[in-house]
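Please read this briefing alongside the structure shown below. It covers domain organisation and helix packing.

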Number of protein chains: 2
Amino acid sequence: MQLNLQTDYALRVLMALAAGDRQSSVEQIARQYGISRNHLAKVAQKLQGEGFVVTFRGRGGGMRLARPAEQIVVGDVIRRFENLDSFVACFAGGGCAVDGSCGLKPALGGALAAFLDHLDGYRLSDLVPDRPAFLERLLAEPAVA
Amino acid sequence: MQLNLQTDYALRVLMALAAGDRQSSVEQIARQYGISRNHLAKVAQKLQGEGFVVTFRGRGGGMRLARPAEQIVVGDVIRRFENLDSFVACFAGGGCAVDGSCGLKPALGGALAAFLDHLDGYRLSDLVPDRPAFLERLLAEPAVA
């Protein structure tokens, strides 16, 4: 049980944009975290599609948050990036022999709801409580290419 | 984000043993669910190692619950089978650029605690509330070999 890498990267992009409070590019953010530019480009595309960021093309292009960090609920980001419908095979109607007589599905469904409820208590701004300190670390450690 | 297949199988074995209220073999349980015998053998070994089942070797061998289903907490099974220390890279100290200034780790840690807390409210017996109905389904659908 692991958070998908795409979700991890999505949260990192959003935190970088929140801390910087300005436009930034996939290249810049990938370099700052020392992670794959190609992976991050796909994540940025999905972040735009889901309405979390707006992007600008061309010279000086990049992306910024679509709305203030105080208005982005962390649980919503997780919901959009994780496919929780396949958390366990039976969620997707995998044809388990005991489907219908088994209490596992509602137990796990409730546990996932508790997981998301907890994250609904956080806004993106809560993840970067000290923006200057966050930015300082982000900018201080450019990864080796 | 998915439950590991091993955890899914562990829960299925425990439920089958709880419903049957008797000894059963890896072969029988694998056939009943229509899942891999080899996978299940590894799961059974871990279930024994973690003290959830006791096994008997030889002719007529098999396994049974180490204690009544009412005394097995579902959250404990998940904790023993899932490696939640690697739920996200930074949990394992992955050397993220912003480690120390980022609020994601405690937010996700709290969400996982809420997930487990919920499952601590269930005993194995709660997952098979109607044992005869569960057994009927389990025994009615032998998988094609």
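Two residues are in contact if their C-beta atoms, placed from the backbone, lie within 7 Å. This is a predicted model, in which local features need pLDDT of at least 70 and side-chain atom pairs count only at pLDDT 80 or more, while totals for chains, interfaces and linings use all residues. Residues are numbered from 1 along each chain as its sequence is written, and chains are lettered from A in the order in which they are written.

**Domains of chain A**
- Chain A is divided into domain 1 (1-72 + 124-145) and domain 2 (74-122), with bounds that come from an automatic or database domain assignment.
- The C-alpha centres of domain 1 and domain 2 of chain A lie 27 Å apart, and 12 residues of domain 1 of chain A are in contact with 7 residues of domain 2 of chain A.
- On the side of domain 1 of chain A that touches domain 2 of chain A, α1(A) provides the largest share, 5 residues (helices are DSSP runs of H or I, at least four residues, numbered from the N terminus).

**Helix α2 of chain A**
- A:Val26, A:Ile29, A:Ala30, A:Gln32 and A:Tyr33 are buried in α2(A), residues 26-33 (20 or more other C-beta atoms within 10 Å of a residue's own, all placed from the backbone).
- Seen down the axis of α2(A), these buried residues fall within an arc of 165 degrees (taken from the directions from the helix axis to the C-beta atoms), so they line one face of the helix.
- They pack against α1 (5-20), α3 (37-49) and α7 (131-140) of chain A.

Note on methods: Buried ≥ 20, exposed ≤ 12 C-beta atoms within 10 Å, placed from the backbone. Helix = DSSP H or I, 4+ residues; strand = E, 2+ residues; numbered from the N terminus.
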